[in-house]
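Keep the structure open as you read.

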There are 4 protein chains.
Amino acid sequence: MTKKIRMGMVGGGSGALIGAVHRTAANITGDIDLVAGAFSSDADASRAFGVELGLAADRAYGTFAEMFAREAELPPHERIQCVSIVTPNDSHADVACAALSAGVHVICDKPIAGHLEDALRVARAVDQSGLLFGLTHPYVGHPLVIEARERIAAGEIGEVRRVAVSYLQDWLSRAEDTKASKQALWRSDPARSGEAGAFADIGTHAFNLVEFTTGLSITEVAAELRTVVAGRTLDDDGAAMFHLANGASGLLSASQVCSGALNALRIEIYGDAGSIFWAQEAPNAMTIKYRGQPDQVLRPGTNAGYLSEPAIAACRTPGGHPKGYLEAFANLYAGFARAVRDYPAHGDTGCASVADGVAGMRFIRAALLSSRNESAWTRLDGGDN
Amino acid sequence: MTKKIRMGMVGGGSGALIGAVHRTAANITGDIDLVAGAFSSDADASRAFGVELGLAADRAYGTFAEMFAREAELPPHERIQCVSIVTPNDSHADVACAALSAGVHVICDKPIAGHLEDALRVARAVDQSGLLFGLTHPYVGHPLVIEARERIAAGEIGEVRRVAVSYLQDWLSRAEDTKASKQALWRSDPARSGEAGAFADIGTHAFNLVEFTTGLSITEVAAELRTVVAGRTLDDDGAAMFHLANGASGLLSASQVCSGALNALRIEIYGDAGSIFWAQEAPNAMTIKYRGQPDQVLRPGTNAGYLSEPAIAACRTPGGHPKGYLEAFANLYAGFARAVRDYPAHGDTGCASVADGVAGMRFIRAALLSSRNESAWTRLDGGDN
Amino acid sequence: MTKKIRMGMVGGGSGALIGAVHRTAANITGDIDLVAGAFSSDADASRAFGVELGLAADRAYGTFAEMFAREAELPPHERIQCVSIVTPNDSHADVACAALSAGVHVICDKPIAGHLEDALRVARAVDQSGLLFGLTHPYVGHPLVIEARERIAAGEIGEVRRVAVSYLQDWLSRAEDTKASKQALWRSDPARSGEAGAFADIGTHAFNLVEFTTGLSITEVAAELRTVVAGRTLDDDGAAMFHLANGASGLLSASQVCSGALNALRIEIYGDAGSIFWAQEAPNAMTIKYRGQPDQVLRPGTNAGYLSEPAIAACRTPGGHPKGYLEAFANLYAGFARAVRDYPAHGDTGCASVADGVAGMRFIRAALLSSRNESAWTRLDGGDN
Amino acid sequence: MTKKIRMGMVGGGSGALIGAVHRTAANITGDIDLVAGAFSSDADASRAFGVELGLAADRAYGTFAEMFAREAELPPHERIQCVSIVTPNDSHADVACAALSAGVHVICDKPIAGHLEDALRVARAVDQSGLLFGLTHPYVGHPLVIEARERIAAGEIGEVRRVAVSYLQDWLSRAEDTKASKQALWRSDPARSGEAGAFADIGTHAFNLVEFTTGLSITEVAAELRTVVAGRTLDDDGAAMFHLANGASGLLSASQVCSGALNALRIEIYGDAGSIFWAQEAPNAMTIKYRGQPDQVLRPGTNAGYLSEPAIAACRTPGGHPKGYLEAFANLYAGFARAVRDYPAHGDTGCASVADGVAGMRFIRAALLSSRNESAWTRLDGGDN
């Protein structure tokens, strides 16, 4: 094992779900040391939480600005090399731009920003800095999702014809959920979530999963976003028909008000030669069906010789040892740590790229426009979009 | 057992898949005797096939017109009481109207007709004759689909919010399939299939399943129908967003070119209190999910005390004895036979009604109009529609 | 369709589960006419029930002896050709022997008899008469069970090493179940069930499934049979280790007191090249696993080209149309009807043979002996056994 | 976060599967620092690997004896507090006893030793030292396995009647596997594996899972262990009937030659009120069945309010985020780290205890004795055993 990467974190303070997930994911890799952080918008709480996490007291900062300023004063072999951004959507862009200005690589929770314009700002900053930027869509860190991408790229299901993707949850299904938790609160608040609600929070995962696995861009959407639970401003439920760059058609739904759905992300991809099925809640099986043949069910494992090399590389244990959400997430961090260590040899972070992040925001924008325009077909690359 | 119902059949000659299915379904009930028929457009073949089926030679007719004429000359206790229509779509209406004119009850394969106008003609004939008309959407004959309807009607999942239904097959996924079988041939031919292809053949099943289970009408659609395989005239693939009468949203897809899909009809219904899942290919389980509770998996059986009375009545064996497609189909015939026997006491045939059939045609018409109009939202009840 | 086979029935009167199942199975084939019967030990009830079933009044008999005597007086083209025996176990042998003496082919519910000695008596009668005898173990009528047999015979999983079979139910799990139904009553009564309880009723199905699929005889068992629910005489739960003729090992369990189990018959067969999995409650999938390869999931269908010819022949519909318990049962009746029609051309009834039935009784006997002898290994062919 | 626990490791050098698993499990907790180790029987390789892992060079030791001696010379707040033992079975006892003598708590891979006598030696050493000892049976670290234990203890399935547990693999299914890997090599060697092969390696997991979930001791076995693949000395396949302390019966199988099985550990527990089903390869679902009710399927999650407190505590993420093998393993390390930190306040390590380890060895011993004695019922507590 070579030396560990030194990482800072912004956001993810006490009680935040996703911050703890990012930290555990980083731990799993064994490649990353969390050495600094600004975890809360309350400076005292931020510092206290950093100490609680075991950071040196002088690297538990009150604000991210302070962190970037002070870390820059440390010797190169001590200062943070990268930062993990796990704040609400609206501040992703500001933190990311500050990090890049300070020469710090960025790994950022999705979506890349609250608004398309902010996403474009991040993209410019990444471009100008030449630094690494990784966006965490963890579901594409699953070995079998990687396998799906590899097989489709290799033509194993032929030309893609039809895609169905859905991401359904129920944790906002009731009016009282809107303010029941930190997570719910900011996600329901346009000032912090950004221009969309469910479509930003989970619709972008579904969008990314389609583009990642098929290798095709979504070019246009006919969408309907709704606010089902009274008293909300942002969409909590929606669906779209979409077209892929090769002419294929698809259906996407994203909802946080579907009672009984936990974290039901599921994709089906039909080609002219075969089809592929994967569900996030049962990630250790991917089914491939060819007409007139038995279904094939693939399982991840370091010893699964029938898998592609990238899929095997995403496994830590042999077949029959279930891999979970945190391991998939850790695969993003492992790739990012590798890219930081090898920088600037290559930019392959194993995460979604800043371009993927911008594409996700264009998807949100187009879906919103379509929805306001009686579900008219709307291009993602349209003018200002 | 009271006396068996005497039935004739039109269509379903040698090599026809669906004719044999209807006959077996009728056999399973033990309530129906097939005593006459006109099985083929070739009069000689028709008569020969009737004899092969074991009919008396003088009731194996050359044409349906001949059948209705000659049967009417038999004493009331000998002549056919009902007819099963299993011809290609385009002739359903003519045969049905002839039957009704002859005083014969009708059970008819779906869709009710090739075009909406023909469906309306059948509806008028049913209305005028006062006779029974049952349309065979066999999937709603499954005990657990009946249970879904009962539970939704009882409010167990609350107000319906979102529906997803898909019906995918692959038997027309290749160009050479278009002419590979009788079934493929007429379904791909506008003159015999009617105004739509996949949407008529299986989209109507999906449509019916939604309306049956939710008890709600589909009011409008934004649809895209496509011809994926070159050389075809009719749609072989398509999808739609739809609205239900209560304001709920849904997604529907119907395709016969999804490689690897056998007969993949599946429905998910999300309410504000819970959700319901059922898949035709595994019909002996229905899952109900409530937020914050374990999933519930229901199984059909005469002894499944937690099921509603209508669902139990649709079972022939105790729990743990899998029920299949033919049994679901037989439940339609059992209901129809009961209605014939009790006629005119009640009109509950256990089948879809002529109104349901017309609704299915309105769905096809609206989907086609929407598709030709850039997927604009189109009402099912719109003017001429 | 050639002329239908004329069948009588013994047992299966009002309220009897299995009699109705046999009649429906026969109906599904379309090849059999039930024309006579003695349905109950109460002669009046028997005759009344026959009339209720639609039989001619003079062929609704009071006793089976009367039926065989009177039918023999009918012209050959009118009299019954075969009889279906669906009485409690203890009378199977007497009825079967009476039928064979009367020149009537026999299809008999399992187990073949209440005691091994009676089974041997039937075997001798079959041998002497040269008539057909079919025993109904319906689970081996499933297309995929037939496919398992074919694939194992073809060496596709190599040499069988280990088998696990279990058949668990819960309908006798409580003390009050013992007398709650006709079915429970006679099965719990040694005078009518025979020497064993659960092992006779369902253990023999598990035994038969092993021998049918592997093509290997079970040679010895180390068993433990128990009476779990107080107040019973016969076993209601038990298990055994067993050896197959090729040296393979296996585990078998059979219980009717496993709360929550409906009709949980399941088999797993491991060879040196691959393994096969099938479960009765989800009969439309069979999984084959080869080391280092994706699992394969097979589906039954008339168009499933990858299936063997016998498995395809056991299907009535294409893939994706679920086949159920009654269809599997009907496959036995279809085979039996074919053998009756072709008699004496061949003796392949598609059912278990009289030898299989005797083997099942030897299994029961050996399991009982082993259980009484501290689970000592006991041969099935041992001496008197 | 309080200060991290300082841990050493013995075994788990380059290429060892289980060593890496233990290290990742410890990483996931975020509570443990690996600061010392002796990883290989080759002293140079051991030191080199420790450095490769990122240890300080002077704490990458050549032997475990050296490690315990030198660590004892460090100040108390620097020296290792505990050691993880991941060597082949035969050396577990020696390393454990050395650690305990040195005042170091022990977490040890299963089985506790190669032979019962060694296990008893460890038990005495634990007793005399008063130090912590945790044995890693990771499968009982799954939230739903913990839930099973809690529900059974609470009487939710009533009195346990029948248990079926099997643990099947295929990685030793061929003769050439015997020497194909480090793992295979020592497991097939009596000098290093101990008195049993598959029964020691995975049979003990199955044994432990039964006792953990039911809360009942296995009192006697009737077993058959075999060597299926020629050229081996130890069992590679076996099965047993067993009795639990309350009189319940069970079946257990453990095999490493079942082609197609990856890591197929599965348990079914039937009580007089309900039954519980769990399979290691799909660990995020546990089914509970009650007679006459829908099946219930439970899912793990921090927000799964229907789960018991201990099961929720074993979750890191909300429902719908699949938990895997490594997380279950990490739960053992988290519990062990907590016990070390709190020492000597309580001895609850969250792992199997030394007594559980001894019980596992008694199970192996009794199974071997039974197998050599024609599968005679053999008590686990029998005299010398």
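Strand 6 and strand 10 (residues 264–271) of chain B run antiparallel and are joined by eight bridges. Strands pair if DSSP finds at least two bridges between them. Strands (E, at least two residues) and helices (H or I, at least four) are DSSP runs, numbered from the N terminus. The model is a predicted one: local features need pLDDT of at least 70, side-chain atom pairs count only at pLDDT 80 or more, and totals for chains, interfaces and linings use all residues. Residues are numbered from 1 along each chain as its sequence is written, while chains are lettered from A and ligands numbered from 1 in the order in which they are written.

Strand 6 of chain B also pairs with strand 9 (residues 249–255) of chain B, this time in parallel, over seven bridges. Follow Tyr167(B). Its bridge partner in strand 10 of chain B is Leu265(B). In strand 9 of chain B, Tyr167(B) stands opposite Ala254(B).

Is strand 6 (residues 160–168) of chain B mostly covered or mostly open? It is mostly covered, with nine of its nine residues buried. A residue is buried if 20 or more other C-beta atoms lie within 10 Å of its own, exposed if 12 or fewer, and partly exposed in between, with C-beta atoms placed from the backbone.

Now for the helices. Seven of the ten residues of helix 4 (residues 92–101) of chain A are buried, so this helix is largely enclosed by the rest of the structure. Among the buried ones are His92(A), Val95(A) and Leu100(A). Their cover includes strand 1 (5–11), helix 3 (64–71) and helix 5 (116–129) of chain A. After helix 4 of chain A comes Gly103(A), with a positive phi near 80 degrees.

In helix 11 (residues 325–342) of chain B, 18 residues span 26 Å from first C-alpha to last. That is close to the expected 26 Å at 1.5 Å a residue; the expected span is 1.5 Å times one less than the number of residues. Of the 18 residues of helix 11 of chain B, 15 are buried, so the rest of the structure largely encloses it.

Chain C holds an open sheet of five strands in the order 2-1-3-4-5, with parallel pairing. Strand 2 (32–38) and strand 5 (133–136) of chain C stand at the edges with a single partner strand each, so one side of each has no neighbour in the sheet. Inside chain C, strand 3 (residues 82–86) and strand 4 (residues 105–109) pair over four bridges. Ser84(C) stands opposite Ile107(C) in strand 4 of chain C.

Here are the strand pairs side by side.

| Strand pair | Bridges | Direction |
|---|---|---|
| Strands 6 and 10, chain B | eight bridges | antiparallel |
| Strands 6 and 9, chain B | seven bridges | parallel |
| Strands 3 and 4, chain C | four bridges | parallel |

How are chains B and C related?

In the interface, 28 residues of chain C are in contact with 28 residues of chain B. Contact means C-beta atoms, placed from the backbone, within 7 Å. Helix 1 of chain C gives the most to this side of chain C, with four residues.

Conventions. Contact = placed C-beta atoms within 7 Å.
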